[in-house]
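Open the model in your viewer and keep the sequence panel beside it.

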Amino acid sequence: MLPWNLRKIVHHFFSTQEKLWVLFLIFLVSAGCGKSTDEKRDDAILSANILLTKQQCDAAISLLEGVGRDVNNVNYLKALASGYACKGGFNVLRFYQDDLPFIGNPGPMGGFSRFGSSASMTTPSNSAYNNLQTAINLLLYAGGIPTDEDPTPSRRANNFTFNEAGELNAMLMYTILVQLGRYIKFYGDTNASGVKAGGALTSECFTDYQNLDFAPASTSGSQYDNIVDFLGAGLTGSCNLHTDVGHPDLGTEGNYNIARMCQGVILMNNLLAIFPSVIAGIAGSNFANLSSLESTLNTAKASVETHTPGSAAAVNSVYSQTRCETLNASNDDFLQTYFLFIMETMVQ
Amino acid sequence: MIFRLPVLTILFAFFATIASAGENRYLVRSPRALLMGDAYTSKAYDDYTLFYNPATLGRGSLVELYPINVDVGVTNVLDDMDRFDNFPKDPVPIADRIMGYPVYLHAGATPGIKFGSFGFSMFANNSTSLVLRNAIYPQIDIDYRYDRGFVAGYAYSWGQGGKFEKFNPFDKSKKKTTAGRRTSVGLSVKSIDREGLKGSFSLFGTTLLNEINNNSSDVGALRRALGFSKGRGWGVDFGAEHIISNGKDELAFAASVLDIGGTNFKKTEGTAPVPEQDMFMNAGVSWRQDFTLLDYSLSLDLHPMNRGLPLSRQLRVGAEIGLPIVRALAGFGEGYISYGLMVNVWVVKVMAGFYSTELGTEFKEEQGKRAVIYLSLLDFTFDI
């Protein structure tokens, strides 16, 4: 109720028509429209990108998670992945400026361990590593790919336009490169120059190896009879004897930590699946050293299958962490062979 | 009776889509309004009437000509000069330096004529807005628009209050106005030819890099690949105004709905949709007093009211004080201060000032600092 004198003033100075006018304006003012979920999500994406400009990672994540995940919206996924990558210590500008020159220095992949954030991983459950992995998983499984299916580029392409899928793959390439740098630095115990087993630990290899017999040369074309034979070939750096030990967090002979070994496999396989198409569209020679890795890695993968047949299905073409753990839960031969021919040879 | 049309308009507007986040992209803004916090819905009786509220044409009983008026808007670099000291040459340090710095370029002209309660205006507006956001994985947000077209409107009035009745070449706001009360409703129709490109691209993503590599020598092909498109559309505005005036003092209430339902464009070129002209619902009230040699006005607006924005982002307050030849303008809109000066010497009117606009979604989330310069030549008003 209006005070008496105010009511008198209104009554005296304003006609009925004018009072209706004021009511109409009040109606307009109170008639603010609500927003749909999509509009709220668009707002959240914009606000999150503004927050990420100031590197306010948690606020950006909270905002985006608050409106509900949209696995089919590339801008949403890029913003949310950026939020987790921010918490995970990733920054693509730093990658271009500081990390890129280390690719191939030393080669083939030892230089990855020299990236700026590689040394940040000090335990397997490192929070920066886990947050960056969350970002990677958001992008890998974009479009709602179930986590127990392989998130291949072709599967992602089914759910997005060509450009959208390309955008997801590009961000994946950068984040996986940085994450793989951490994995190699931690489990390979590299030194500041990117040389394996030069760190604080006493390990010489990524992991311990059983003296696994390879498929007979007569039927498969294997060059080596068993793991010891290959370790002596001078292709694996400091890891050259059966007695050499691996990183304790990857387990021991017969008692491997399958989940952690699979993390390395999944990072490596997804990187190889993605980077050739991404760097094909990037001008200049920034990624020249990465480009040459494609054939090296494919050759190494072929050797894994040649020496331990069945590896193609069990590890080489597996892109899902869940699948990798399931397929290798009762038989670690494929993982051992993969680590021997790929991890130990790529990082020496 | 007179309230049927506005109520129907508002009801129709409720069913229209709310625009996406970010800066409110009006078709045309008056530089004078921008320097008054854009609190202008009940004061838009200059050359920008048809872009604010067609009902304001109800003030007219004169012939008004605005043959040459241009305005240029740019980012207010004066407020951020440190950013450009020792500017780097390499791409990554450049990206670091311009992160979160909105770049804005605008040029426009709106020549027009008013004949009593009828108004016609042409317009050509070119504006580009760029901002690099997200320091983790930078996104460049591009919003380019080039609009050309015309708008014609008419206002029907009941009563005689607040109508201009005497020609004063120095300043339109000092024209004498009639005493009494008046209600006007106005409708305008416009045709817009729009070229536009709106998108968010990852600076290190494949879309931008691929298109640059593939179309490095053909700018047209590059912008088409990024989503440039052209189209034509027709839009409708509605407004209402009520004035209580004693000739020198004036209280005005106004409301308008611009681009009712949102103006869509029929695409004539490109593959991406032509950026829609969003609907904006506005309401305002203003008070003006004229002491012949000195006048002042205060205005308050709420807009846009249909985008679900917080009230703090809709609130706009403006003030102006005028002496012969010079007027000072100031305002507060979307949480930011604006100010400027206007000099009006016979057939030349010049205005300059600074204002800010909100580029984010929330109140004071991301400030776009801008400067505007306006020049009008041969602006004449005659008694009918």
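## Disulfides of chain A

Select Cys57(A) and Cys86(A): a disulfide joins them, S to S 2.0 Å, a disulfide being a pair of cysteine sulfur atoms within 2.5 Å. The link is left-handed, with -45° about the S-S bond. Cys57(A) sits in helix H4 of chain A and Cys86(A) in helix H5 of chain A, so the pair ties together parts 29 residues apart in sequence. Helices (H or I, at least four residues) and strands (E, at least two) are DSSP runs, numbered from the N terminus.

This is a predicted model: local features need pLDDT of at least 70 and side-chain atom pairs count only at pLDDT 80 or more, while totals for chains, interfaces and linings use all residues. Residues are numbered from 1 along each chain as its sequence is written, chains are lettered from A and ligands numbered from 1 in the order in which they are written, and side-chain values use heavy atoms, with hydrogens and water left out.

Next select Cys205(A) and Cys239(A), whose sulfur atoms are 1.9 Å apart in a disulfide. With 95° about the S-S bond, this link is right-handed. Cys205(A) lies in the loop between H9 and helix H10 (217-220) of chain A, and Cys239(A) in the loop between H11 and E1 of chain A, 34 residues apart.

Then go to Cys262(A) and Cys324(A), joined by a disulfide with S to S 2.1 Å. The link is left-handed, at -80° about the S-S bond. Cys262(A) is in helix H12 of chain A and Cys324(A) in helix H16 (residues 321-327) of chain A, so the pair ties together parts that are 62 residues apart in sequence. Over all chains the structure holds 3 disulfides.

## Salt bridges

How many salt bridges are there over all chains? The search of the whole structure finds 38, each a side-chain nitrogen of Lys or Arg within 4 Å of a carboxyl oxygen of Asp or Glu.

Select Asp70(A) and Arg41(A), which form a salt bridge with the closest N and O atoms 3.4 Å apart. Asp70(A) lies in the loop between helix H4 (57-66) and helix H5 (74-87) of chain A, and Arg41(A) in helix H3 (residues 37-53) of chain A. Asp70(A) is buried at a relative accessible area of 17%, and Arg41(A) is buried at 9%. Buried means under 20% relative accessible area, exposed over 50%, partly exposed in between (1.4 Å probe, protein chains only).

In chain B, select Arg182(B) and Glu241(B), which meet in a salt bridge (3.2 Å, N to O). Arg182(B) is in strand E7 (residues 179-202) of chain B and Glu241(B) in strand E8 (residues 229-246) of chain B, 59 residues apart. Both are buried.

## Core

Select Tyr174(A). Tyr174(A) is one of the residues that touch the most other members of the largest nonpolar core, which has 117 residues. Such a core is a set of buried Ala, Val, Leu, Ile, Met, Phe, Trp, Tyr and Cys residues joined through side-chain atoms within 4.5 Å. Helix H9 (residues 162-187) of chain A gives the most to this core, with 15 residues.

## Surface

Finish at Leu341(B), in strand E15 of chain B. Leu341(B) counts as partly exposed, at 47% relative accessibility.
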